Amino acid sequence: MAHTADITLPDQRVAVLGDVHGNVGWIRMLSRALPHLAPAVVSILQLGDWWMPADEIDEALAETDITGIYVTGGNHEPWGEITTLMTKYPGEAVRVSKLVWLLPRPARLTIGGRSVLSLGGASSVDRQSRIEGLTWWPDEAITDEHVADAIAGGPADLMLTHESPANTPVRRVREILRTNPHRFPKAALEASAASRARVSQVWDAVRPELLAHGHLHVGAGGKTADGRRVASLGREGHEWNLGILDMNNLRMATPSLAILRGLANDDDGSRRTREQRMNGVAESLHSGVLDGLRPSAQALRDARDYVDGVRGLERSSKTSADATPAPSARTHD
């Protein structure tokens with residue numbers, strides 16, 4: 001419907017969404033939760049394995065304030081169609097519906113004054129069970145040309161990928177890669193390792209403060225010795241599929257699945273206790289999950305005020321890594 005080489009968004013907060021695998025029902029649920037959780041958010045950065053009927057997504061989000069979904073392609077996408085389309089507009093993002101934009105590989109965006117690099121693609125470790133040209137396409141791969149073009153664009157504050165970097169600091173991702181719990185064959189694992197190495201090559205060159213990815217279906221985070229952070233988002237229907245990213249400090253709040261479902265299905269909060277709502281909102285207000293921190297005492301006070309109707313989510317105070325932890329909070333890494 002449109003195409004452009006320049007995507008500049010003024011947003012100070014955006015939603016970041018992990019794998020959704022064409023699950024329109026999941027998007028409908030999020031469309032009911034988002035207006036309560038983050039009413040000022042109007043853009044979604046999606047991290048691949050999207051494969052959605054675009055018109056249905058437009059309809060599902062019609063009652064929200066979302067104005068754009070920017071898709072970093074994954075491996076489970078109809079690349080046969082996407083490559084044909086994107087080849088017509090090299091280096092440009094292409095809008096395929098009222099809301100949905102497909103990003104090129106690589107893509108450079110500016111969001112809230114921050115430089116953002118998107119590098120889509122990944123290797124399908126389950127390709128043995130798929131049919132080439134029908135449910136799997138070689139075009140999923142991140143190529144050497146993609147890598148060179150991404151590096152040539154220079155440093156970035158934020159990097160969006162589907163694939164994880166090879167040298168990830170996320171412990172739960174490392175464990176999956178080490179143990180191969182689904183027993184994928186050697187050839188698939190080797191292709192996957194090569195794909196992750198390409199992401200790492202770019203990551204080490206552009207050195208973003210935060211890299212966010214999907215693909216591994218794990219909601220967790222980690223930090224390298226030199227301070228770079230990696231956020232791995234879960235898949236649809238699981239924990240930590242959605243994050244609210246503050247572009248000012250590149251911190252991401254990750255509301256729990258229970259909170260998302262509660263906000264979607266219980267507008268007035270009548271079926272949840274005040275304590276349950278406070279605990280969940282404290283997680284949402286602050287970046288305790290993906291940054292390995294626990295909600296501070298201030299976060300819990302903010303949550304109390306939010307539950308009592310004194311304040312909204314968009315007025316949250318900044319997380320302090322030195323704050324006294326709340327003993328009941330969940331943490332990752």
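The lining of the largest pocket divides by class into 26 nonpolar, eight polar and eight charged residues, where Ala, Val, Leu, Ile, Met, Phe, Trp, Tyr, Cys and Pro count as nonpolar, Asp, Glu, Lys and Arg as charged, and the others, Gly among them, as polar. This is a predicted model, in which local features need pLDDT of at least 70 and side-chain atom pairs count only at pLDDT 80 or more, while totals for chains, interfaces and linings use all residues. Residues are numbered from 1 along each chain as its sequence is written, and side-chain values use heavy atoms, with hydrogens and water left out.

By pocket I mean, on a 1 Å grid over the protein atoms alone, an open set of points where a 1.4 Å probe fits, with protein on both sides within 12 Å along at least five of seven lines, and a lining residue has an atom within 4 Å of a point. The space in the largest pocket comes to about 840 Å³, a volume being the space filled by probe spheres set on the points, which are joined across faces, edges and corners. Of its 42 lining residues, the closest to the centre are I82, M86, L103, P104 and R105. Two or more lining residues come from each of α3 (79-87), β7 (100-102), β8 and α4 (144-152), and α3 gives the most, with seven; helices here are DSSP runs of H or I with at least four residues, and strands are runs of E with at least two, numbered from the N terminus.

What is the volume of the second largest pocket? The value is about 570 Å³, and among the 27 residues of this lining, V125, H182, F184, H215 and L216 lie nearest the centre. The elements that give two or more residues here are α5 (171-179) and α6, with the largest share, four residues, coming from α6. By class, this second lining has nine nonpolar, ten polar and eight charged residues.

Let me turn to the sheet. Seven strands form an open sheet of mixed pairing, in the order β2-β8-β9-β10-β11-β13-β12, where two strands pair if DSSP finds at least two bridges between them. The edges are held by β2 (7-9) and β12 (220-223), each with a single partner strand, so one side of each is left without a neighbour in the sheet. From one strand to the next, the twist averages 20°, with axes fitted as lines to C-alpha atoms, for helices over the stretch in contact, and angles running from 0 to 180 degrees between N-to-C directions.

Strands β8 (residues 107-111) and β9 (residues 114-119) are antiparallel and share five bridges, with T110 opposite S115 in β9. Helix α6 (residues 186-206) packs on this sheet, touching β8, β9, β10 (158-161), β11 (210-213) and β13 (229-232), and its direction makes about 170° with that of β10; contact means heavy atoms within 4.5 Å.

Which residues cover the two faces of β11? L210 and A212 lie on one side and L211 and H213 on the other, and all are buried, that is, under 20% relative accessible area with a 1.4 Å probe and protein chains only, where exposed is over 50% and partly exposed is in between. β11 runs parallel to β10, joined by three bridges, L158 having L210 as its bridge partner. β11 also pairs with β13 in the parallel sense over four bridges, and L211 stands opposite V230.
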